[in-house]
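Reader: I'm new to this one, so please pick a single part and go through it slowly with me. I'd like to see how the pieces pack against each other, and what that looks like for a few residues.

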Amino acid sequence: MVRFDFQGKRVLVTGGTQGIGLGIAEAFADAGAEVIVSGTREGAADYEDDLSRFSYLRARLDEPGERVALAKAVGAIDILVNNAGQSHPDEYSMDGYARVIEVNLNAAAELCYLFHPTLRERGGAIVNVGSCASFIAIGTAPAYTASKAGLLGFTRATADQWARDGVRVNLVAPGFIETRMTSGVRADQRKAGNTLRAIPVRRFGTPAEVAAATLFLASPAASYITGQSIVVDGGLMLR
């Protein structure tokens with residue numbers, strides 16, 4: 001196993017309270033980083049998982065004012081992981097569409113802008129958490145697809161512009177990962193079977209596997225990599 005050293009580094013993982021975000025936060029903490037996670041609930045104790053290793057800040061990222069407040073409360077960081085995201089049961093309505101775009105794309109963009117000055121000062125890195133939907137369409141989720149495709153484009157544009165500032169910007173794109181978000185698919189024998197047949201390695205991924213790619217992109221080992229994406233999908237996109 002590759003081991004990373006983030007001693008002395010401060011990391012913000014949005015939506016780091018569960019699923020992929022929690023896996024990323026845990027991996028950074030294991031590597032010695034000081035980790036701040038954001039979530040929508042009142043306090044860390046309101047979550048099912050133990051978040052005592054991290055500093056917790058509440059931030060409802062669909063509210064621009066709370067995004068600004070989060071940046072002020074966090075202060076200087078070395079690494080920003082834009083992981084927070086959501087879907088909506090009716091993305092073919094403008095209300096559902098707008099809600100998803102606001103959190104998945106607009107919030108991530110604004111946090112990049114808000115933290116850019118401190119990341120520039122510290123030679124920092126940004127890792128945006130996209131999805132296979134950054135590259136392929138999910139017909140039932142046009143807003144989710146648009147937001148993740150947009151996040152890939154945003155990653156590439158800011159990487160180009162901010163390279164001169166010493167700030168690297170990359171994206172990790174998970175496929176089907178074992179989280180609460182995919183529990184409905186995994187619990188349904190027919191849906192799970194259909195999904196696994198589309199994944200060449202014939203299994204779902206884990207948050208730790210997404211975290212490994214994220215830590216690599218944020219580390220000095222990736223110092224010559226910017227504007228790129230790593231797909232962590234077990235080969236799903238080969239189909």
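**How the helices pack**

Author: Helix 1 passes helix 7 in a right-handed crossing, where right-handed means that the near helix is turned clockwise from the far one by less than a right angle, and left-handed means anticlockwise. Before we go on, note that this is a predicted model, so local features need pLDDT of at least 70 and side-chain atom pairs count only at pLDDT 80 or more, while totals for chains, interfaces and linings use all residues. Residues are numbered from 1 along each chain as its sequence is written, and side-chain values use heavy atoms, with hydrogens and water left out.

Back to that first pair. Two packed helices are described by the angle between their axes and the distance between the axes. Helix 1, residues 19-30, and helix 7 have axes that come within 8 Å and cross at roughly 55 degrees. The axes are lines fitted to C-alpha atoms, for helices over the stretch in contact, with angles running from 0 to 180 degrees between N-to-C directions. Helix 1 and helix 7 are therefore oblique to each other; under 35 degrees would be roughly parallel, over 145 roughly antiparallel, 65 to 115 roughly perpendicular, and the rest is oblique.

Who's touching whom? On the helix 1 side you'll find Gly 19, Ile 20, Gly 23, Ile 24, Ala 27 and Phe 28, and they meet Pro 207, Val 210, Ala 211, Thr 214, Leu 215 and Ala 218 of helix 7. (Contact here means heavy atoms within 4.5 Å.) Sorted by class, these residues give nine nonpolar, three polar and no charged. Nonpolar covers Ala, Val, Leu, Ile, Met, Phe, Trp, Tyr, Cys and Pro, charged covers Asp, Glu, Lys and Arg, and the others, Gly among them, go down as polar.

Now move along to helix 3 and helix 4. These two pack at an angle of about 15 degrees, with axes 8 Å apart, and are therefore roughly parallel to each other. Helix 3 passes helix 4 in a right-handed crossing. On the helix 3 side, the contact includes Tyr 97, Val 100, Asn 104, Leu 105 and Ala 108, while helix 4 brings in residues including Pro 142, Tyr 144, Leu 151, Phe 154 and Trp 162. The classes come to 15 nonpolar, four polar and one charged.

Leu 151 is worth a stop. This residue belongs to helix 4, residues 142-162, and has a relative accessible area of 1%, so it counts as buried. (Buried is under 20%, exposed over 50%, and partly exposed in between, with a 1.4 Å probe and protein chains only.) Leaving out residues up to four places away in sequence, Leu 151 touches Asn 104, Leu 105, Ala 108, Asn 128, Val 129, Gly 130 and Leu 171. Leu 151 and Ala 213, 62 residues apart in sequence, have C-alpha atoms 17 Å apart.

Helix 3 (residues 94-122) also meets helix 2 (residues 64-74): their axes come within 10 Å and cross at roughly 40 degrees. Helix 2 and helix 3 are therefore oblique to each other. Among the residues in this contact are Pro 64, Arg 67, Val 68 and Leu 70 from helix 2, and Glu 102, Glu 110, Leu 111 and Leu 114 from helix 3. This contact holds nine nonpolar, one polar and three charged residues. Helix 2, too, passes helix 3 in a right-handed crossing.

Val 68 sits in helix 2 and, with a relative accessible area of 28%, counts as partly exposed. Apart from neighbours within four places in sequence, Val 68 is in contact with Glu 110 and Leu 114. Val 68 and Tyr 224 are 156 residues apart along the chain, and their C-alpha atoms are separated by 31 Å.

Arg 202 lies between helix 6 (189-198) and helix 7 (207-218).

Finally, let's zoom out. The chain has seven helices and seven strands, counted as DSSP runs numbered from the N terminus (helices are H or I with at least four residues, strands E with at least two). Of its 239 residues, 49% count as buried.
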